[in-house]
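Subject: Structure handover and notes

Dear colleague,

Please find the structure below, followed by my notes on it. I would be glad if you could read the notes with the coordinates open beside them.

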2 protein chains.
Amino acid sequence: MTSSTFTIGVDLGGTNLRIGAYSQDSGLLDTIPLATRLADGRDAVTADMCNAIRQLLGRYAPQRRLAGIAIGSPGPLELPEGVLRRPPNLPGWDGFPLRRTVEGALGRPVLVQNDANVAAFAECLLGRGKMLGVDSLCMFTLGTGVGGGIILRGKIWDGVTGMGGEVGHLNIWTEGGMPCGCGSQGCLEPHASATGVRKMADAMIARGTAPGLEALRAANPAFSAREVAELAADGDTDAQAIYQSVGRSLGIGLASLVNTLNLPLYVLGGGVAKAWDIFSPALFEQLTQRSYIYRLTSGTTHVTPSVLGPDAGLLGACLLPFTTAISGSQSV
Amino acid sequence: MTSSTFTIGVDLGGTNLRIGAYSQDSGLLDTIPLATRLADGRDAVTADMCNAIRQLLGRYAPQRRLAGIAIGSPGPLELPEGVLRRPPNLPGWDGFPLRRTVEGALGRPVLVQNDANVAAFAECLLGRGKMLGVDSLCMFTLGTGVGGGIILRGKIWDGVTGMGGEVGHLNIWTEGGMPCGCGSQGCLEPHASATGVRKMADAMIARGTAPGLEALRAANPAFSAREVAELAADGDTDAQAIYQSVGRSLGIGLASLVNTLNLPLYVLGGGVAKAWDIFSPALFEQLTQRSYIYRLTSGTTHVTPSVLGPDAGLLGACLLPFTTAISGSQSV
């Protein structure tokens, strides 16, 4: 019997660590979900990762040919070397040679990519890109922070040192914007992330003019962007104003990107993107006003929510070994 | 005797029309400089262009093989079709099928590209890109407006409909910025173009607090960005403040691009870029403050003035036929 190929992908997050086996004919064959043992240090986390990879190799290598192993990791990363540079979500990992470490432990080649880039890659090949029949897109991942990934002609554009695609650090509110974890202020991230939504809600509550949000905090002090979205959907105008602000910030950032890159597709994923119906009118208002290229190409420029959901990162890592020339050091 | 190949390039501007013959071994073989007879209409301009092309064909086709003909044209353009869309610098040309018209007149295939894109292409292959040994860059052309071109791995990235690279319409001053010809406000163009410099000078004069600029206008009512730069170089603090503002706007725009694209090189060309020494400190201050990727990669991220000067557009058009896959419809 001829065996088909499979890949192993890793979705390394600050909270969860998932390892999957994937084949192009069957999709995800298997998933091993683990917690990321950050408190035990990076050696413990990479040991967990390698053990799970070995389990999947033991399970599938007898029947199928391994096409490769890839890890989607929080950044900033130097690529293709796969060395972390002060990653905010992996404290203590600065300078850690993730790729070399895992390759050494497994005795096999491993690819490393930015987690938002692999999610964008999956969205392009299996999600909204496939649905619309396009092979270039920019994806915004609106979660705790705002990540991003750019796919050009079916390949990840990660820049010359692997740090491209950081659309969360597009400049939006040049003056008077909220401080950003990157050291700047007014970036998209503090204005369109779940963290930003919570901060905007806290600021409104502090001003004493948002009774609905105040009641939400009294009932649930740990409330998040999701509860603010639910409140907005129930008609609370203060919660709606927060998401309208998110939409404006996204529209301003998108206008800069549309004018610069003229891509056919911009996809919004992550938890905050679930409030699409609430924030998208403000997004399109700003985008239309600020991008003449959007106005000229509105029929061919799509801005939509993502379709893949939380599996995008794992799927993207699994897809990487099937492609060639995906890293910054290679030709697009 | 084996003949080498040659190309014909056209640099179509709102004022000047230049047609050149080029070979890779000898560079520019010949240049025909004409005025762009805009007042006589687009048919007159394209007739002038085609006549000059025929002259060069008559002169060089007997000895060398023609590798192709390409036109660098003001945008917006739909590419690869080469149809103009409300071009601000070619009034009356909206909807004009430039490529088809010239192909019909010559009976030969012709490539059409955006003028700022071909200038960026030349700067990459023959200018600063070649000097630094990199094959990706973004070029800003700071002239009457602010044009731009993006080269990725040696190929023009002009987006899906040919309108990519418009860095003049990066959002810089979201609130309180100057109105832009594109219909938005606060774009890079009104804050970093020669037109913008003149407007800033006029505003300062109107406030009555800029004696040096006032004297300049009294002596030369048609003064331009160049004279403001000379005044700044002579120590006039008001003129210096204008260029510091240009530098800040450029630095803010560059920060968004560095974070998004992580290119190895950003080149500033056009007349305003000659004031590099005056505006670049403010540029680097903003870029360093607003881009953590620049701070992480400052050794591999170069921001420099261009080296080719006003020939860049013509050279870029001449180079286009030597490459493959340069248009938005083809794979990068």
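Two residues are taken to be in contact if their C-beta atoms, placed from the backbone, lie within 7 Å. On that criterion, 41 residues of chain B are in contact with 41 residues of chain A.

Before going further, some conventions. This is a predicted model, in which local features need pLDDT of at least 70 and side-chain atom pairs count only at pLDDT 80 or more, whereas totals for chains, interfaces and linings use all residues. Residues are numbered from 1 along each chain as its sequence is written, while chains are lettered from A and ligands numbered from 1 in the order in which they are written.

The interface between the chains

Helices (H or I, at least four residues) and strands (E, at least two) are DSSP runs numbered from the N terminus. On the side of chain B that touches chain A, at least two residues each are supplied by α9 (237–261), α10 (276–290) and α11 (292–297) of chain B, and the largest share, six residues, comes from α9(B). By residue class, this side of chain B divides into 18 nonpolar, 18 polar and five charged residues, where Ala, Val, Leu, Ile, Met, Phe, Trp, Tyr, Cys and Pro count as nonpolar, Asp, Glu, Lys and Arg as charged, and the others, Gly among them, as polar. Because 100% of the interface residues of chain B are also interface residues in chain A, the copies meet through the same surface.

With the copies superposed by least squares on the C-alpha atoms of residues with pLDDT of at least 70 in both, chain B can be laid on chain A with an RMSD of 0.0 Å by a turn of 180 degrees and a shift of 0.0 Å along the axis. The two copies are therefore related as by a two-fold rotation axis.

Domains of chain A

An automatic or database domain assignment, which is where the bounds come from, divides chain A into domain 1 (5–121) and domain 2 (132–307). Their C-alpha centres lie 28 Å apart, and the contact takes 15 residues from domain 1 of chain A and 16 residues from domain 2 of chain A. On the domain 1 side, β5 (77–78), β7 (111–114) and α3 (115–125) of chain A give two or more residues each, with the largest share, six residues, coming from α3(A).

Individual elements

A residue is called buried if 20 or more other C-beta atoms lie within 10 Å of its own, exposed if 12 or fewer, and partly exposed in between, with C-beta atoms placed from the backbone. In α10(A), the buried residues are A:F279, A:S280, A:A282, A:L283, A:Q286, A:L287 and A:R290, and what covers them includes α9 (237–261), α11 (292–297) and β12 (302–305) of chain A.

A:L216, in helix α7 (residues 211–219) of chain A, counts as buried because there are 21 C-beta neighbours inside 10 Å; not counting residues up to four places away in sequence, A:L216 touches A:F223, A:E227 and A:L231. By contrast, B:T237 in helix α9 of chain B is exposed, with 11 other C-beta atoms within 10 Å.

Finally, strands pair if DSSP finds at least two bridges between them, and eight bridges join β2 (residues 16–23) of chain B to β3 (residues 27–35) of chain B, which run antiparallel. A hairpin of three residues joins β2(B) to β3(B), and B:G20 stands opposite B:T31 in β3(B).

With best regards
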